[in-house]
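Here are my notes for someone opening this one up for the first time. Have a look at the structure, then read through the points below.

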Amino acid sequence: MTSLRNQATIDKAATAELSSAQLTWLRFKRHRLAVASGMFLIAIYFVAAFCEFFAPYDPSWRNSKAIFAPPQEIHFVDEKGDFHLRPFVYGYHLHINPDTWVREYEEDKSQRYPLRFFAGGIEYEFWNLFRANRHFVTVEANHYLHFFGTDKLGRDIFSRVIYGARISLSLGLIGVALTIVLGVLIGGLAGYLGGRVDNLIQRSIEVLQSIPTLPLWMALSAALPVHWSPLTVYFGIIVILSLIQWTGLARVVRGRFLALREEDFVVAARLMGASQFRIITRHLLPSFMSHIITTATLAIPGMILAETALSFLGVGLRSPVVSWGVLLQQAQNYQVIVLTPWLLIPGVFVILVVIAFNLLGDGMRDAADPYGGNAG
Amino acid sequence: MTALLDVSNLSVRFPVMEQGIFRRQVSEMTAVNKVSFSLPQGGNLGIVGESGSGKTTLVRAILRALDPSEGAAIFQSQHGAVDLCQLNQDQLKPLRKEMQMIFQDPFASLNPRMKVGEIVAEPLVIHEPESAESHRERVIDMLERVGLDRDAVSRFPHAFSGGQRQRIGIARALILNPALVVCDEAVSALDVSVQAQVLNLLKDLQQDMNLTYLFVAHDLNVVRYFCDETLVMYQGSIVESGPVDKLFEHPVHDYTKLLLSAIPSIDPDQTLTPLDRSTLGLD
Amino acid sequence: MTNRNLVSIHDLHVAFDSELGTTEALKGIDLDIKHGRTTAIVGESGSGKSITALAMMRLIQRPGRVTSGQILFTPAGKETIDVLQIPDNSDELFDLRGGKMAMIFQEPMTALSPVHTIGDQVTEAILTHRQVTKAEAFARACEMLKRVGINDAEQRMNQYPFEFSGGMRQRVVIAMALVCDPELLICDEPTTALDVTIQAEILALIRELKSALDTSVLFITHDLAVVAQLADDVVVMHRGRVLEVGTVRQILKRPVHPYTQALLAAIPTPATTGRLDTVAELLTEENLLPYPLVTIKDDQKVALPIDQIPEALR
């Protein structure tokens with residue numbers, strides 16, 4: 001079937017000076033779903049990075065007038081049928097059901113709160129650099145805005161999802177970065193040195209992988225000192241997750257290393273008298289960089305899910321830190337599903353992000369490896 | 001003429017490991033068995049044999065891409081005779097510029113992520129880093145000598161056909177002006193027309209650069225055309241050797257006869273009548 | 001030759017789409033495969049010889065597609081059908097592929113499943129295309145394996161592909177292809193991956209089976225020496241076009257097209273000394289312009305303008 005491949009790329013002149021990275025990009029662009037996922041992720045990471053600006057409220061700010069309030073709808077047309085260019089929300093009208101004592105909210109059509117973009121609101125400290133009060137979207141000071149409703153303390157879930165994104169998403173990235181360092185280092189060592197070292201590392205990986213992960217996480221998390229600050233716990237959790245996740249990547253790296261070591265162009269470099277350092281940095285690493293990036297992309301959702309699971313179970317991050325897992329803690333009983341389903345909204349974001357990462361990773365894998373490894 | 005390379009009693013054995021956790025060595029597999037030959041300066045020695053005969057293992061052991069188990073390979077370097085089998089990789093490094101290899105697969109032997117200019121310059125970067133400013137000029141000169149455009153420098157290997165890639169591989173092997181060049185099935189993967197061009201190129205370069213070839217191939221017609229002498233390898237050992245014309249016209253060993261009888265003729269009126277392995281007592 | 005045409009390809013075009021646009025892999029192929037003969041398509045990489053075979057088997061997959069043309073197939077005692085008009089996934093296509101036409105590839109390991117025994121795989125090939133009992137199929141498989149020169153076929157049917165050598169695997173693949181009595185056996189470089197002594201055995205086997213089983217053979221190769229040993233008719237292809245068609249003696253002993261002549265000159269033979277002639281030196285781009293095939297003396301066909309053909313042959 002080689003001639004098929006040659007046929008498909010007969011006209012090589014146009015691609016002659018494109019590097020394989022550029023060719024990979026050309027192929028990636030044809031994966032619509034992967035490109036869309038990539039853009040969605042960029043957008044959501046952007047929002048997470050500037051969450052103080054995008055969230056209308058501080059995540060711990062309470063609206064005592066709206067406890068367990070449902071999401072507000074955005075309207076353009078008011079009850080009289082008049083169209084407003086500036087979208088608005090209605091305030092809540094609260095009444096307590098006399099039979100069940102359940103708080104029931106209705107839209108109070110008399111209170112129209114127009115949305116204001118880039119307007120001043122609650123003051124915040126941006127990245128510990130300067131103080132500001134501009135928000136992407138807000139309403140006037142004595143009004144309130146809850147796109148995703150509020151929780152049992154009257155905290156705005158929309159703001160909390162945005163702040164939670166910062167923790168959950170960055171945890172995925174940093175965790176995978178650490179995983180890559182560990183996986184590439186240990187896997188590379190096993191693949192390059194071979195023999196006894198390889199055998200030892202391989203067996204250790206097997207032992208690590210055979211331990212059920214959830215109890216192990218729980219045990220390790222429980223071992224984190226209680227008096228640690230939220231930030232230290234955050235890094236503690238990252239280290240715990242990476243310590244368990246690196247094994248998969250180490251295996252991939254080892255396998256690629258072993259295969260590449262026998263490739264003709266690597267043998268050629270050895271016969272040229274190239275140093276080990278040069279062979280690794282110039283020939284081996286670039287050849288499986290695309291592989292590592294793809295594997296890492298596919299590992300990020302695992303990280304995010306693991307953090308969510310740990311925090312949901314109460315052994316991961318804890319309040320006052322806001323992560324998606326912490327937010328979902330409130331949704332631990334069935335009452336929530338019946339009475340306040342909007343508390344599950346953070347879960348929707350977990351699902352969307354995980355799917356997007358998987359689609360993106362699939363697209364990258366197809367683009368990087370069109371003929372199963374040989375980028376010919 | 002003095003021998004550029006003198007190989008005596010060279011053997012390569014691979015350990016056979018036990019399956020399981022503690023992989024102990026249980027036996028050895030002999031890939032090359034006590035091979036001796038001598039390659040004169042400026043000579044052109046062919047090594048033929050079928051897959052598994054050990055011919056590729058033999059040349060890789062001589063170049064020390066893998067370690068021989070015993071024997072000697074005396075190489076006349078610029079600084080006197082050395083036994084390649086006795087040196088460690090650090091001691092071999094300065095000798096590497098005097099012996100180079102051209103690979104079979106023009107797709108796998110070039111790093112797809114490096115530009116052709118970088119690929120051909122790599123031996124220079126490793127062995128003569130002090131003359132960096134002249135590298136580009138020398139690379140272009142070498143590329144032109146193997147029949148490629150100077151534009152090739154800024155392109156990636158995927159932009160070239162199999163034959164052109166093999167020229168890139170030749171340019172990389174020859175840029176340091178080596179004395180010994182090992183061609184490991186260097187034309188086997190090429191189309192007939194391209195194969196002829198590459199063979200011509202190798203012959204021309206041999207004249208110009210005073211090269212000595214160790215030419216591994218399975219195509220007997222190519223070896224007969226290209227080489228002066230040839231070794232026939234079978235199951236790790238040399239079963240017959242001699243000048244090509246004598247060996248092809250009057251083979252002595254049964255295996256050589258079998259090999260020669262299996263070559264299809266280009267003439268449709270000369271029907272192929274291969275000898276039978278079992279009646280020759282070969283398995 | 002009075003043999004009827006088993007397959008007749010008319011003006012076949014195949015294109016491949018890539019990131020950078022569309023490339024024509026076949027630029028209008030015309031060729032006939034005569035019943036009861038071995039036709040060889042010879043060409044270098046990029047000539048389109050394998051794509052022609054894949055198109056006949058309806059195996060062209062995205063990003064490739066057949067853009068136009070006809071592949072007329074006339075099985076014994078049946079009406080002529082255009083292979084390209086058979087609907088996808090139809091019984092008719094299933095019956096054609098593996099039933100009436102069978103194909104063997106360069107690398108035998110890819111055609112064999114590593115996790116099933118040889119016996120199961122050959123038996124399965126019979127059961128998918130023939131209404132027979134399992135016992136009958138097993139007996140037929142055993143008989144076929146013996147036919148292709150596998151000794152102790154009964155025992156070896158219980159073995160897995162990795163227990164066979166490369167040449168033996170290719171024999172098994174040939175047995176699998178022939179077990180349903182195909183009218184046409186397509187061999188795509190079946191000996192390229194094999195050692196020369198094994199190649200000689202496989203060539204002898206194909207020649208022997210072809211005459212014994214009354215099968216027509218389409219043989220795809222780059223090796224003119226293999227063509228000389230096996231083919232009755234030869235089609236020379238280059239860059240997606242047919243340049244010359246004739247009997248094996250016409251093509252190898254009296255080639256008319258400069259490309260065919262150059263290919264023959266480029267092969268070293270025991271008589272060759274000095275520099276080899278290369279195709280590039282013997283050929284000009286003008287020789288390769290898309291001239292139509294013209295029929296010359298003795299039914300030989302060549303893609304040249306008539307004034308470039310020696311008068312004795314016109």
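1. One definition before we start: accessible areas here come from the Shrake-Rupley method with a 1.4 Å probe, and for residues only the protein chains shown count as cover. With that in hand, the accessible surface of chain B is about 11700 Å², and carbon and sulfur atoms hold 46% of it. Keep in mind throughout that you are looking at a predicted model.

2. Next, the overall build of chain B. Its secondary structure amounts to 10 helices and 10 strands. A compact globule of 283 residues would have a radius of gyration near 19 Å, so the 20 Å of chain B agrees with that.

3. How much of chain B is buried? Of its 283 residues, 56% are. Contacts tell a story about sequence distance, too: take those in chain B with a separation of 6 or more, and 63% of them join residues 24 or more positions apart.

4. On charge, chain B carries 25 positive and 36 negative side chains. The centres of these two sets lie 6 Å apart.

5. Now for the interface. On the chain A side, 29 residues are in contact with 34 residues of chain B. Together the two chains bury about 3000 Å², with 54% of that on carbon and sulfur atoms. Which three residues supply more of the area that chain A buries against chain B than any other three? They are A:Asp264, A:Leu271 and A:Met272, which supply 25% of it.

6. Helix α8 of chain A, residues 230-261, is worth a stop, and A:Ile240 is found there. Is A:Ile240 buried or exposed? Its relative accessibility is 6%, and because buried means under 20%, A:Ile240 counts as buried. Leaving out residues up to four places away in sequence, A:Ile240 touches A:Trp217, A:Leu220, A:Ser221 and A:Leu224. A:Leu216 is 24 residues from A:Ile240 in sequence, with 9.2 Å between their C-alpha atoms.

7. A:Arg254 also has its place in helix α8 of chain A. At 19% relative accessibility, A:Arg254 counts as buried, because the cut-off is under 20%. What does A:Arg254 touch, not counting residues up to four places away in sequence? The list is A:Gly187, A:Ala190, A:Gly191, A:Asp198 and A:Gln202.

Notes:
Residues are numbered from 1 along each chain as its sequence is written. Chains are lettered from A and ligands numbered from 1 in the order in which they are written. This is a predicted model: local features need pLDDT of at least 70, side-chain atom pairs count only at pLDDT 80 or more; totals for chains, interfaces and linings use all residues. Side-chain values use heavy atoms; hydrogens and water are left out. Helices (H or I, at least four residues) and strands (E, at least two) are DSSP runs, numbered from the N terminus. The radius of gyration is taken over C-alpha atoms; the globule rule is 2.2 Å times the number of residues to the power 0.38. Buried means under 20% relative accessible area, exposed over 50%, partly exposed in between (1.4 Å probe, protein chains only). Contact means heavy atoms within 4.5 Å. Lys and Arg count as positive and Asp and Glu as negative; His and the chain ends are not counted. The place of a charge is taken as NZ of Lys, CZ of Arg, CG of Asp or CD of Glu. Buried area is the accessible area (1.4 Å probe) that two parts lose on being put together, summed over both.
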